[in-house]
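Student: I would like to go through the labels used for this model and see what each one rests on.

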Amino acid sequence: HKLSVAPEMDIMEYCRKEWRGNTPAAIRMRKGYEAVAQKFASIRRVRGDNYCALRATLFQALSQATQLPSWLQSEDFTMLSQNLLSKYDWIKQWQLKQKLDRKMGEISDEIKDDLILLRKKWKSISEIKCPIEKQEACEKLFKNEEEEYSLYEALKFLMLNTAIDLYNADKSGRTVPVFSWLLFARDTSSDPCQLMHNHLNHIGHSGGLEQVEMFLLAYALQYTIQVYRLYKYSTDEFITFYPNDPEKNWPVVTLITEDDRHYNVPVRMCEETAV
């Protein structure tokens with residue numbers, strides 16, 4: 001089994017290997033990596049398919065999880081697919097992992113299984129006290145393709161659920177975060193149904209996450225996603241937070257990107273910054 005998240009490597013060694021030469025881009029990347037190396041000692045490469053934003057975020061969240069998030073504990077969490085399908089007929093068009101033409105009952109059951117798996121894995125990994133054992137459990141999970149891709153289905157469905165909540169909140173005059181307006185201001189996603197058809201159904205298949213969907217992922221998980229965007233080094237967008245006004249009690253995961261398309265994960269906070 002191919003590990004979806006490669007073993008760790010010294011961050012500057014990785015940078016020197018990837019960015020030789022003296023083009024302006026290479027110099028900027030090296031400076032960006034030097035800045036990340038002030039905080040993190042190592043990097044782990046994340047498999048570069050269209051799931052990589054979900055993969056990097058989930059890997060980081062699980063590898064530092066110490067408890068089950070409250071939204072994963074709720075009674076009706078596993079009933080989410082039934083509840084949404086009973087209200088929104090168009091969710092029947094949800095595309096399950098590379099499989100088309102599913103019946104409504106099957107979609108509901110399969111997503112329910114994915115959500116149950118997400119809760120089970122998160123619970124078991126968060127209960128492991130020893131950091132080395134926790135890391136081993138994460139690696140084992142990210143070597144199991146069948147389970148790994150089921151977890152991404154669960155995350156995508158949670159993103160859809162969050163989008164529906166935000167859309168309904170806005171329509172009923174409640175305050176919503178700014179990214180929610182941007183999400184539904186796109187020609188291709190003016191409502192949750194379009195968002196599903198034109199974006200969420202394609203994630204992992206023919207496309208990855210766009211910037212505005214990184215906000216949606218952060219809200220779905222109730223995590224702050226901090227991203228070092230290396231090509232933006234020396235601008236105020238070098239370190240971007242999704243959301244940019246995070247809730248105080250949300251845990252933070254950190255990713256690295258060179259181009260806003262592919263994400264890797266920094267690991268091992270340097271001792272002095274971890275204090």
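Student: Why is Glu 148 called buried?

Tutor: Glu 148 has a relative accessible area of 1%. Buried means under 20% relative accessible area, exposed means over 50%, and partly exposed lies in between, with a 1.4 Å probe and protein chains only. The value of 1% therefore makes Glu 148 buried. This is a predicted model, in which local features need pLDDT of at least 70 and side-chain atom pairs count only at pLDDT 80 or more, while totals for chains, interfaces and linings use all residues. Residues are numbered from 1 along each chain as its sequence is written, and side-chain values use heavy atoms, with hydrogens and water left out.

Student: What makes Arg 55 and Glu 148 a salt bridge?

Tutor: Their closest N and O atoms are 2.6 Å apart. A salt bridge is a side-chain nitrogen of Lys or Arg within 4 Å of a carboxyl oxygen of Asp or Glu, so the pair of Arg 55 and Glu 148 qualifies. Arg 55 is in helix H3 and Glu 148 in helix H8, so the pair ties together parts that are 93 residues apart in sequence. Helices (H or I, at least four residues) and strands (E, at least two) are DSSP runs, numbered from the N terminus. Arg 55 is buried, at a relative accessible area of 0%.

Student: Why are Arg 47 and Glu 145 said to tie together parts of the chain?

Tutor: Arg 47 sits in the loop between strand E2 (40-44) and helix H3 (52-63), and Glu 145 belongs to helix H8, so the pair joins parts 98 residues apart in sequence. Their side chains meet in a salt bridge at 3.3 Å, N to O. Arg 47 counts as buried because its relative accessible area is 16%, whereas Glu 145 counts as partly exposed because its value is 38%.

Student: How many salt bridges does the rule give?

Tutor: The count comes to 16. Among them is the one between Lys 92 and Asp 89, with the closest N and O atoms 3.1 Å apart. Lys 92 is partly exposed at 31% relative accessibility, and Asp 89 is partly exposed at 49%. Salt bridges that share partners also join Arg 229, Lys 232, Glu 237 and Asp 260 into one network.

Student: Why is the pair of Tyr 167 and Phe 184 called edge-to-face?

Tutor: A pair of aromatic rings is described by the distance of the centres and the angle of the planes. For Tyr 167 and Phe 184 these are 5.0 Å and 65°. Rings of Phe, Tyr and Trp (its six-membered ring) pair if their centres lie within 6.5 Å; planes under 30 degrees apart count as stacked, over 60 as edge-to-face and the rest as tilted. The angle of 65° therefore gives edge-to-face. Tyr 167 lies in helix H8 (residues 145-171) and Phe 184 in helix H9, so the pair links parts 17 residues apart in sequence. Phe 184 is buried, at 13% relative accessibility.

Student: What makes the pair of Tyr 88 and Trp 90 tilted?

Tutor: The whole structure holds 17 aromatic pairs. In the pair of Tyr 88 and Trp 90, the centres are 5.6 Å apart and the planes 45° apart, so the angle falls in neither the stacked nor the edge-to-face range. Trp 90 is partly exposed, at 22% relative accessibility.

Student: Which residues touch the most other members of the largest nonpolar core?

Tutor: Trp 94, Leu 118 and Trp 122 do, in a core of 73 residues. A nonpolar core is a set of buried Ala, Val, Leu, Ile, Met, Phe, Trp, Tyr and Cys residues joined through side-chain atoms within 4.5 Å. Helix H8 gives the most to this core, with 13 residues. A second, separate core of 13 residues includes Tyr 14, Met 29, Val 36 and Phe 238.

Student: Is Ser 234 buried or exposed?

Tutor: Ser 234 is exposed, because its relative accessible area of 64% is over 50%. Ser 234 also has a positive phi of about 70° although it is not a glycine, and its place is the loop between E3 and E4. Gln 222, likewise not a glycine, has a positive phi of about 55°. Gln 222 is partly exposed, at 32%.
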